[in-house]
Amino acid sequence: MDHFLGNFIDATEYEVPLKIEELFHRAGPSFLEIGFGGGEFLLQMAQNRPGSNFVGLELSMVSCQKLLKSALREGLKNLRVLLIDAQFALERILPPASFEGVYMNFPCPWPKKRHSQRRLNDREFMEKVSIVLKRGGFLQLYTDSEDFALEMASSLESTGLYSVGSMEKNPSEGVNTRYEAKWLSAGREIFRLYSTLEGSHAGYGILKEEEMPHKWLSDEIDMEKLEEVYNVPIIEGESLVKFLRTFKSMVEESYLVETITVDNDYSQRFYINLVRKETGWLVQLDSQAKPFRTPAVKLAVKRLASIVQR
Ligand SMILES: C[S@@+](CC[C@H](N)C(=O)[O-])C[C@H]1O[C@@H](n2cnc3c(N)ncnc32)[C@H](O)[C@@H]1O
């Protein structure tokens with residue numbers, strides 16, 4: 001029986017960056033929508049173009065559930081949904097240089113200054129989009145806010161990576177989303193901005209593929225050594241690790257080490273599990289609170305193993 005999470009991607013289950021072939025079990029032209037909301041656009045695209053792959057990013061769980069239900073009802077095999085912040089996913093989770101196009105339909109304009117951090121149109125965000133686009137790939141914006149579109153155009157220009165098209169007012173073709181319908185019925189104007197990636201932005205924050213985050217220790221371990229480094233930041237490149245405290249299991253030979261990691265400015269808090277096996281100790285991420293397997297997370301496992309090793 002198909003499950004309604006069949007189209008859902010839990011990125012913590014995968015080695016990052018993700019790979020298109022792993023997500024869809026095939027290659028093929030791939031497209032991304034950032035902030036799909038009701039999911040109307042992605043659903044239509046996936047239905048009309050069965051030969052292409054579609055990935056949607058959303059912050060809202062309710063939106064994800066809605067689209068997942070529709071995808072299951074329609075039996076769509078070419079659509080994947082991630083519940084994730086696009087700012088993080090573009091840089092660290094999605095496959096680099098993999099998408100023919102990125103769509104942004106009516107992103108929240110966040111006009112107030114104090115919310116400007118959330119606005120997805122600054123130069124840094126445009127650079128992040130360039131990470132996932134193939135060279136020649138496009139970024140298409142539909143919005144009801146001319147200011148937002150103008151700001152995005154100047155951010156795109158400032159990267160020197162894109163060929164920025166002219167802004168189209170009230171384009172003949174729409175995207176048929178809930179927000180488009182809302183603004184049209186309110187009599188607002190719609191703006192479309194279409195740009196293509198001319199340069200490539202190789203290397204910007206992209207994760208290198210590394211070994212799986214677990215270690216085997218064949219000898220006995222010394223957990224007291226860990227006490228000396230509690231709360232002491234361990235820094236390597238852009239990664240920071242801190243071990244906070246340890247819980248010992250009452251029933252088996254195992255420990256849980258509470259850990260904080262930071263990759264650039266992305267922090268995660270989780271547990272690393274040390275468990276006695278027949279052939280030694282296994283140091284691995286605890287399955288309860290799974291972090292994204294970033295370089296700092298892998299560093300934490302590696303360092304913990306080397307600290308407690310006798
Ligand atoms: C105004 S709605 C537009 C929804 C839909 N595209 C439409 O046209 O009807 C903007 C959507 O972007 C999502 N969003 C905002 N910031 C986001 C981020 N950083 N990452 C992913 N989604 C985001 C919001 O949750 C919201 O559903």
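Domain bounds here come from an automatic or database domain assignment. On that basis the protein chain splits into domain 1 (11–197) and domain 2 (214–308). This is a predicted model: local features need pLDDT of at least 70, side-chain atom pairs count only at pLDDT 80 or more, and totals for chains, interfaces and linings use all residues. Residues are numbered from 1 along each chain as its sequence is written. Helices (H or I, at least four residues) and strands (E, at least two) are DSSP runs, numbered from the N terminus.

**Domains**
- The centres of domain 1 and domain 2, taken over C-alpha atoms, are 36 Å apart.
- 7 residues of domain 1 are in contact with 6 residues of domain 2; contact means that C-beta atoms, placed from the backbone, lie within 7 Å.
- The side of domain 1 that touches domain 2 has 4 nonpolar, 1 polar and 2 charged residues.
- Ala, Val, Leu, Ile, Met, Phe, Trp, Tyr, Cys and Pro count as nonpolar; Asp, Glu, Lys and Arg count as charged; the others, Gly among them, count as polar.

**Ligand shell**
- The ligand is surrounded by 22 residues, and the closest are Gly35, Gly37, Ala86, Thr177 and Tyr179.
- A residue is near a molecule if its C-beta atom, placed from the backbone, lies within 6 Å of it.
- By class, the shell has 10 nonpolar, 8 polar and 4 charged residues.
- β2 (53–58), α4 (86–92) and α7 (178–185) each give at least two residues to the shell.
- Helix α7 provides the largest share, 3 residues.

**Helix α5**
- Of the 10 residues in α5 (residues 123–132), 7 are buried.
- Buried means 20 or more other C-beta atoms within 10 Å of the residue's own, with C-beta atoms placed from the backbone.
- The buried residues are Phe125, Met126, Lys128, Val129, Ser130, Ile131 and Val132.
- They pack against β1 (30–34), α4, β4 (99–105), β5 (133–143), α6 (146–159) and β8 (191–197).

**The six-stranded sheet**
- An open sheet of 6 strands runs in the order β9-β14-β13-β12-β11-β10, with antiparallel pairing; strands pair if DSSP finds at least two bridges between them.
- β9 (214–217) and β10 (234–236) are the edge strands, each with a single partner, so one side of each has no neighbour in the sheet.
- Neighbouring strands are turned by 25° against each other on average, direction ignored; axes are lines fitted to C-alpha atoms, for helices over the stretch in contact, and angles run from 0 to 180 degrees between N-to-C directions.
- β10 pairs with β11 (residues 239–248) in the antiparallel sense over 3 bridges.
- Ile235 has Leu240 of β11 as its bridge partner.
- Helix α9 (residues 295–308) packs on the sheet, and its direction makes about 55° with that of β11.

How values were computed: Two residues are in contact if their C-beta atoms, placed from the backbone, lie within 7 Å. A residue is buried if 20 or more other C-beta atoms lie within 10 Å of its own, exposed if 12 or fewer, and partly exposed in between; C-beta atoms are placed from the backbone.
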